[in-house]
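Hi,

Here is the structure I promised to pass on. Have a look at it first, and then read my notes below.

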Amino acid sequence: MPRLSEVDRHRALGLLQAGLTISEVSLRMNVNRTTIFRLRQRLHKTKTVSDRPRSGRPRCTTQRQDRNLVRNHMNNRFLSASASLRQKRGRNNQRISANTAVSHQHLVPCVMAARCHDYAALAMPYYPGGDLTRCGKLQPRRANRYMSQVARALEHLHRHHISHNDVKLENIFLDASDRACLGDFGLSMEVKDESRTAFAGLVGGTRTYWSPEKLQADTKARIDPFKADVYALGVTYWALVLGQDPEENTDYQEKLRAASHLELSPSQRSALESLLEPDPSQRPTASQAVKMLKLNR
């Protein structure tokens with residue numbers, strides 16, 4: 001309700017008691033008729049028209065908008081919190097409901113989204129195993145199992161034309177059942193182009209996980225973001241079996257060939273080399289990666 005002075009509130013109530021209608025009083029006071037209606041309603045309920053205690057911090061959304069925001073985020077987990085601040089809310093808003101809800105057992109779900117005056121926040125489940133940075137070097141069999149699960153999550157995203165755009169150790173979490181779940185969709189994007197390509201400048205992620213075509217391409221060149229996801233999956237797999245952090249300008253395939261001491265089976269080594277294939281046309285898709293990694297379990 002607009003802030004009326006104490007004098008104006010009593011004046012409005014006096015006009016109502018004098019027999020004027022709510023519409024007539026609102027015209028005289030130059031306020032919305034709802035303001036006068038709520039003023040009278042407050043008087044009947046609380047026997048006073050004095051100001052209620054306030055926190056001093058203004059709301060930037062109404063309670064109805066807050067509920068609408070949460071509901072929309074529950075239906076669209078891949079809209080980042082930052083992006084939600086720029087979205088216009090409303091049941092007829094097509095931008096918020098453009099992507100269908102995509103859920104998968106190896107994708108981190110969004111439980112709730114909310115915003116206040118200064119920031120937006122996403123609530124997600126707690127993962128007791130933390131992220132993969134805590135694992136260090138893993139036995140190839142265990143690393144293969146995690147990567148197989150992440151590959152299935154990527155396959156599901158790609159089937160819905162969504163590129164994750166930031167596959168890395170820090171964005172893969174382990175639940176209480178020791179299953180890997182892919183999270184952090186802040187850089188994910190929906191690829192609507194029929195060629196299934198996007199401008200290289202929009203294909204983001206962490207630089208040490210960038211594919212060769214991303215590193216070499218001009219920002220306006222078009223590359224396949226789905227194949228870039230697969231390459232990042234390969235870098236993540238490489239980091240787990242070698243126990244090393246990815247670095248820029250690293251020939252991961254060459255380092256893998258030089259690491260003859262690794263207890264990788266021939267099929268595991270072949271799958272990892274395929275994921276790290278520099279040529280995107282020869283690199284497997286997420287669906288092919290699922291089949292390769294499944295055979296190695």
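The largest cavity has a volume of about 100 Å³. This is a predicted model, where local features need pLDDT of at least 70, side-chain atom pairs count only at pLDDT 80 or more, and totals for chains, interfaces and linings use all residues. Residues are numbered from 1 along each chain as its sequence is written, and side-chain values use heavy atoms, with hydrogens and water left out.

Back to the cavity. On a 1 Å grid over the protein atoms alone, a cavity is a set of points where a 1.4 Å probe fits but cannot get out, and lining residues have an atom within 4 Å of a point. Points are joined across faces, edges and corners, and the volume is the space filled by probe spheres set on them. The structure holds one cavity of 30 Å³ or more. Its lining is made up of 15 residues, with N165, G204, Y209, A228 and A232 nearest the centre. Helix α8 (residues 225-242) supplies the largest share of that lining, four residues. Sorted by class, the lining has seven nonpolar, five polar and three charged residues (nonpolar: Ala, Val, Leu, Ile, Met, Phe, Trp, Tyr, Cys and Pro; charged: Asp, Glu, Lys and Arg; polar: the others, Gly among them). Helices (H or I, at least four residues) and strands (E, at least two) are DSSP runs, numbered from the N terminus.

What does α8 pack against? Helix α10 (residues 266-275), at an angle of about 135° and with the axes 8 Å apart. Axes here are lines fitted to C-alpha atoms, for helices over the stretch in contact, and angles run from 0 to 180 degrees between N-to-C directions. The pair is therefore oblique (under 35 degrees is roughly parallel, over 145 roughly antiparallel, 65 to 115 roughly perpendicular, the rest oblique). V230, Y231, G234, Y237, W238 and V241 of α8 meet Q268, L272 and L275 of α10, where contact means heavy atoms within 4.5 Å. This contact has seven nonpolar, two polar and no charged residues.

K168 sits in the loop between β3 (162-163) and β4 (172-174). K168 is buried, at 16% relative accessible area (buried is under 20%, exposed over 50%, partly exposed in between, with a 1.4 Å probe and protein chains only). Beyond its neighbours within four places in sequence, K168 touches T206, Y209 and T236.

A123 belongs to strand β2 (residues 120-123) and is partly exposed, at 28% relative accessibility.

Cheers

How values were computed
On a 1 Å grid over the protein atoms alone, a cavity is a set of points where a 1.4 Å probe fits but cannot get out, and a pocket is an open set with protein on both sides within 12 Å along at least five of seven lines; lining residues have an atom within 4 Å of a point.
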